[in-house]
Amino acid sequence: MEFSSKLLENAVYEISQLPGIGKRTALRLVLHLLKQPEERTQHLSNALMKLKSEVNFCKSCHNISDTELCEICANPKRDESLVCVVEDIRDVMAIENTSQYNGLYHVLGGKISPMEGVGPQDLNITSLVDRVREGTVKELIFALSSTMEGDTTNFYIYRQLEGMEITTSTIARGISVGDELEYADEVTLGRSILNRVPFESSMKAN
Ligand SMILES: [Zn+2]
């Protein structure tokens with residue numbers, strides 16, 4: 001792509017570094033911003049800078065939060081004996097949208113993936129095992145996407161919990177293999193949490 005301006009080229013380059021955005025889309029966005037009043041760009045860059053410098057993660061579940069404990073963990077009406085294990089905060093948002101779940105969450109921050117160089121130590125697994133060890137949690141619901149990485153991660157965590165008094169279940173496979181949770185519709189996702197099955201039986205089914 002030939003640019004008539006170095007400034008334009010730099011802006012397009014930076015935006016095209018975002019996932020899912022190619023050079024062409026980046027150019028369209030940059031030209032759009034250029035047409036807007038200057039405050040638009042200022043608000044956008046301020047919001048991003050503030051997000052990056054001030055963002056907090058809940059010290060219990062690792063959800064993104066403006067406070068030490070996120071709103072879900074701090075809510076006394078939530079059932080703290082129930083913890084749903086998810087890959088990232090988009091899954092928390094998807095499950096919250098179903099209004100079918102009243103427990104807490106644990107955000108792993110990814111899935112075990114040897115291909116991408118992600119090992120158990122890169123994820124929030126130790127803090128999950130510690131949470132279970134404290135004894136308040138009675139049931140863990142695995143809600144990772146049903147991919148090979150998701151299954152590997154479930155099984156790794158399951159093994160870490162051996163000997164502890166905890167029920168493990170997995171969301172019902174209304175979510176078809178390979179689907180990402182965030183793309184599941186709310187009814188399907190809500191139902192699959194209500195109809196969860198014991199983790200052991202889900203392993204036998206595979
Ligand atoms: Zn939290």
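Student: What is the strand order in the open sheet?
Tutor: In this predicted model, the open sheet has 5 strands in the order β4-β3-β5-β6-β7. The pairing is mixed.

Student: Which strands stand at the edges?
Tutor: β4 and β7 (197-198) do. Each has a single partner strand, so one side of each has no neighbour in the sheet.

Student: How many bridges join β3 to β4, and do they run parallel or antiparallel?
Tutor: There are 5 bridges between β3 and β4, and the two strands run parallel.

Student: And what stands opposite Cys84?
Tutor: Tyrosine 105, in β4, stands opposite cysteine 84.

Student: Ok, the core. How many residues are in the largest one?
Tutor: The largest nonpolar core has 38 residues. Those with the most contacts inside it are Cys84, Val86, Ile95, Tyr101, Tyr105, Leu140 and Ile157.

Student: Which elements give two or more residues to this core?
Tutor: Among the helices there are α4 (71-74), α5 (89-98), α6 (126-134), α7 (148-160) and α8 (186-194). The strands are β3 (79-86), β4 (103-107) and β5 (139-142).

Student: Which one gives the most?
Tutor: β3, with 5 residues.

Student: Where is the other core, and what is in it?
Tutor: It lies apart from the largest one and has 6 residues, including Leu8, Ile15, Ala26 and Val30.

Student: Take Leu140. What is it in contact with, beyond four places in sequence?
Tutor: Leucine 140 is in contact with Val83, Val85, Leu128, Val132, Ile157, Leu161, Ile166, Thr167, Thr168 and Ser169.

Student: Switching to the metal. What coordinates the zinc ion?
Tutor: The SG atoms of Cys58, Cys61, Cys70 and Cys73 coordinate the zinc ion, at 2.3 Å.

Student: What is the geometry of the site?
Tutor: Tetrahedral: the angles among the 4 donor atoms are 105 to 116°.

Student: How are the donor residues spaced in sequence?
Tutor: The spacing is C-x2-C-x8-C-x2-C.

Student: How many disulfides does the structure hold?
Tutor: The structure holds 0 disulfides.

Student: Are those cysteines buried or exposed? Say Cys61 and Cys73.
Tutor: Cysteine 61 counts as buried because its relative accessibility is 2%. Cysteine 73 is at 17%, so it also counts as buried, with the cut-off at under 20%. Cysteine 58 is buried too.

Student: Where does Cys73 lie, and what is it in contact with?
Tutor: Cysteine 73 lies in helix α4. Leaving aside neighbours within four places in sequence, its contacts are Cys58, Ser60, Cys61 and Leu104. Two of those names, Cys58 and Cys61, also coordinate the zinc ion.

Student: Backbone check. Which residues have a positive phi without being glycine?
Tutor: Histidine 62 is one of them, with phi of about 70°. Serine 99 is another, with phi near 55°.

Student: Where are they?
Tutor: Histidine 62 is in the loop between β1 (56-57) and β2 (64-65). Serine 99 is in the loop between α5 and β4.

Student: Buried or exposed?
Tutor: Histidine 62 has a relative accessible area of 18%, so it is buried. Serine 99 has 64%, so it is exposed.

Student: Last, the overall numbers. How many helices and strands are there?
Tutor: The protein has 9 helices and 7 strands.

Student: What does the C-alpha trace span, and what share of residues count as buried?
Tutor: Along its principal axes the C-alpha trace spans about 65 × 35 × 35 Å. Of the 206 residues, 37% count as buried.

Student: And what share of contacts comes from residues 24 or more positions apart?
Tutor: Among contacts with a separation of 6 or more, such residues account for 56%.

How values were computed: Residues are numbered from 1 along each chain as its sequence is written. This is a predicted model: local features need pLDDT of at least 70, side-chain atom pairs count only at pLDDT 80 or more; totals for chains, interfaces and linings use all residues. Side-chain values use heavy atoms; hydrogens and water are left out. Donors are N, O and S atoms within 2.8 Å of the metal (3.2 Å for Na, K and Ca); water is not among the atoms, so sites may look incomplete. Four donors count as tetrahedral if all angles lie between 85 and 135 degrees; four count as square planar and six as octahedral if opposite donors are over 155 degrees apart and all others between 65 and 115; anything else is irregular. Buried means under 20% relative accessible area, exposed over 50%, partly exposed in between (1.4 Å probe, protein chains only). A nonpolar core is a set of buried Ala, Val, Leu, Ile, Met, Phe, Trp, Tyr and Cys residues joined through side-chain atoms within 4.5 Å. Helices (H or I, at least four residues) and strands (E, at least two) are DSSP runs, numbered from the N terminus. Contact means heavy atoms within 4.5 Å. A disulfide is a pair of cysteine sulfur atoms within 2.5 Å. Two strands pair if DSSP finds at least two bridges between them.
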